[in-house]
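Here are my notes on the model you sent. Please read them with the structure open beside you.

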Amino acid sequence: MTPAIKSLEEYHKVYQRSIDLPEAFWAEVANDFQWRKQWDKVLEWDFKKPEVKWFDGGELNITENCLDRHLITQPNKKAIIWESNDPSEPSVTYTYRELHAKVCELANVLKSLGVQKGDRVCIYMPMIPELTMALLACARIGAVHSVVFAGFSARSLADRINDADAHLILTADGAYRGAKSIDLKAIVDEALADCLGVRSVLVYQRTNTPITMQPGRDLRWHDEIAKVDNLCEAVTVSSEDPLFILYTSGSTGKPKGIMHTTAGYMVHTAYTFSNVFQYQPDDIFWCTADIGWVTGHSYIVYGPLLNGATVLMFEGIPTWPNNGRFWEVIDKHKVSIFYTAPTAIRSLMAGEHSPKATHKLDSLRILGTVGEPINVEAWEWYHEHVGKGNCPIVDTWWQTETGGIMISPLAGITPTKPGFATLPLPGIQPALLSEKGEEILVNGEEGRLCIKFPWPGMARSIWGDHNRFRETYFSAFPNYYFTGDGCRRDLDGYYRITGRVDDVIIVSGHNLGTAEIENAIDEHELVIETAVVGYPHELKGFAVYAFVVLLSEAKGADEEQLRKEINEFVSRIIGPIAKADKIQFVTGLPKTRSGKIMRRILRKIAEGETDNLGDTSTLLDPGVVEEIRKGRV
Ligand code: WT7
């Protein structure tokens, strides 16, 4: 691997070169990998279509780069250290050699079930090593994985299975999460009532929960593994062949199947892992995300394994059996790089608890955050009470759609400022655009964050809906990729993300589309219509506030009971993460004459700003605002 950047001066030099000669820059990074056939062309692009191809004509298999390559140099190095939800259950490790064998076995099972190159495989699993193996086994045979976070409901799972047209589901009997366990197989069974295309379900035994097995469809993981051997030649795939689909919420109702391809994603995740975290071969790297989100794909699975790193994988949650669980795991496994989300930090900050007073934490070298803006107070607490004032913090900005980190300090190299993602990584060309669509060139201004040149890890499409891909990301500002985020660039040229400027709310680091929640609430038989907005929340960053208009039949109904029912709907249709924190019943929503809901006003009311509501003159019925203001919950 090309050595990581070692100084600020070098960063500036490399950055400049990556802008002047982007193709030469990325080709050099790509040369570090094992290719079966060299690419013909580094980059072809057109943001109008949009069409982006990196390393076109090249052939490879990403798992050879994650696994086989390391068998020569470091077969006995630990690839995965797995820590259970239950502190008394022994941890498990896999060396690169062992992981390679496990991935090959599972790939052989997939083949025996008829999975072929290009087929989609849906993965709905707990945070166990077999989840990592599942992704890699798909990639081994050129199948496209679609991981669905194991907190999503049967309905959400069914939608994703159908959208991707997956014929095989990999799952487990259940998942542990703190004191709770979730019956994954039962949820899959419920989902599959609506998924006629599914032919097989492979079930891993994790919780020993009783499950029903449908003969002819459901198979036990252990039984199938026992039938195959542990050698599986990697299938040759093209650079631009899809590697995975991962669903993310959007401004309109239906989740988007973000599609990533192979070579560019590989190059980007590997490069950013090594540079941002300043990875060293003896590091123990822990990213606390779930593999159900992109952070887990890129920085639990691909980025670290491409670098031959040792990854800690944790099944549990930060607050069980107590608030010290993260710190205990760090000490137990001598974690040196720790990457988590602001929401986790805020939940652990509460009270007087200082981890450095109760735990050693002396293995820590570098800290990272991702997922939402980190408030200065949380940043400082993290720095002082976890990093003991001497671990650099990397505040990494990126998205499911960007594939890997885009704007971030290089640990220990880029001087940091709390709340700032600081500077773009080499190869990344951010731009701030004014509402009129003009690029803001001066510093000290805020605008809409866009990217004006392709980067290898960028999404190539929305599965099955390329028009939506263009509409969502490439139409607001022609010739720019629009991120949906607001951002300020200060006088030093440092970037600070200010939050979403579209109808996406980030709750505890999870993206939720307001329209998706509205649709779920509207399914309640007593609901006419709903408007959902986000409001600032101390622990979650943002929380969900729903304004709900009820049918006249609901008059006199028990409001608390209705709120409960509405949230049960949301839980069932999307998942518990999307539940509304506040539900206010109103007789009407503030709408313009053309029928558009004025969310700006609702956002202000939800935030508690009730006096200065701005211009309400275009409203059809300004009276409704007064009623809503008074009834704020
Ligand atoms: C949105 C993307 C990237 C992996 C996890 C989330 C917000 C992400 C930061 C950060 C401020 C951030 C943005 C972005 N976001 N990282 N360091 N500072 N905001 O992926 O679910 O696709 O969400 O998360 O609003 O657009 P995602």
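**Notes on the model**

1. Lysine 117 is placed in the loop between α4 (96-112) and β6 (120-124). Helices here are DSSP runs of H or I with at least four residues, strands are runs of E with at least two, and both are numbered from the N terminus. At 46% relative accessibility, lysine 117 counts as partly exposed. The scale is this: buried means under 20% relative accessible area, exposed means over 50%, and partly exposed is in between (1.4 Å probe, protein chains only). Lysine 117 and proline 242 are 125 residues apart in sequence, and their C-alpha atoms are 9.9 Å apart in space.

2. A word on the source. This is a predicted model, in which local features need pLDDT of at least 70, side-chain atom pairs count only at pLDDT 80 or more, and totals for chains, interfaces and linings use all residues. Residues are numbered from 1 along each chain as its sequence is written, and side-chain values use heavy atoms, with hydrogens and water left out.

3. Next, the ligand. Which residues come nearest to the ligand? Of the 18 residues around it, they are Asp395, Thr396, Thr400, Asp485 and Arg500. A residue counts as near if one of its heavy atoms lies within 4 Å of the molecule. The shell divides into 7 nonpolar, 6 polar and 5 charged residues. In this scheme Ala, Val, Leu, Ile, Met, Phe, Trp, Tyr, Cys and Pro are nonpolar, Asp, Glu, Lys and Arg are charged, and the others, Gly among them, are polar. α10 (294-306), β20 (393-396) and β26 (495-500) each supply at least two residues of this shell.

4. A side-chain N or O atom of threonine 400 is 2.6 Å from an oxygen atom of the ligand. For arginine 500, a side-chain N or O atom is 2.7 Å from a ligand oxygen atom. Glycine 371 uses its backbone: an N or O atom there lies 3.1 Å from a nitrogen atom of the ligand. Taken alone, the ligand exposes 550 Å², and the protein buries 95% of that. Accessible areas come from the Shrake-Rupley method with a 1.4 Å probe.

5. Now the aromatic rings. The structure holds 45 aromatic pairs. Tryptophan 54 and phenylalanine 55 form a tilted pair, because their ring centres are 5.7 Å apart and their planes are at 40 degrees. Rings of Phe, Tyr and Trp (its six-membered ring) pair if their centres lie within 6.5 Å; planes under 30 degrees apart count as stacked, over 60 as edge-to-face and the rest as tilted. Tryptophan 54 is buried, at 0% relative accessibility. Phenylalanine 55 is buried, also at 0%. Phenylalanine 477 and phenylalanine 482 have centres 5.3 Å apart and planes at 85 degrees, so this pair is edge-to-face. Both phenylalanine 477 and phenylalanine 482 are buried. Ring pairs also link Trp45, Phe47, Phe453, Trp455, Phe469, Tyr473, Phe474 and Tyr481 into a cluster.

6. Look at lysine 417. Lysine 417 lies over the face of phenylalanine 420, at 5.2 Å from the ring centre. Its charged end also sits over the ring of tyrosine 494, 4.9 Å from the centre. The test for a charge over a ring is NZ of Lys or CZ of Arg within 6 Å of the ring centre and within 35 degrees of the ring normal.

7. Backbone points to inspect. Most residues other than glycine have a negative phi, and most peptide bonds are trans. A cis peptide bond joins lysine 49 and proline 50, with omega about -20 degrees. Proline 50 is in the loop between β1 (41-46) and β2 (51-56). Another cis peptide bond joins tryptophan 320 and proline 321, with omega about 0 degrees. Proline 321 lies in the loop between β17 (310-314) and α11 (325-333).

8. Two positive phi values deserve a look. Glutamine 278 has a phi of about 50 degrees. Glutamine 278 is buried, with a relative accessible area of 6%. Leucine 361 has a phi near 55 degrees. Leucine 361 is buried too, at 2%.

Notes. A polar contact is a pair of N or O atoms within 3.5 Å; within protein, one must be able to donate a hydrogen and the other to accept it, and residues adjacent in sequence count only if both atoms are side-chain atoms.
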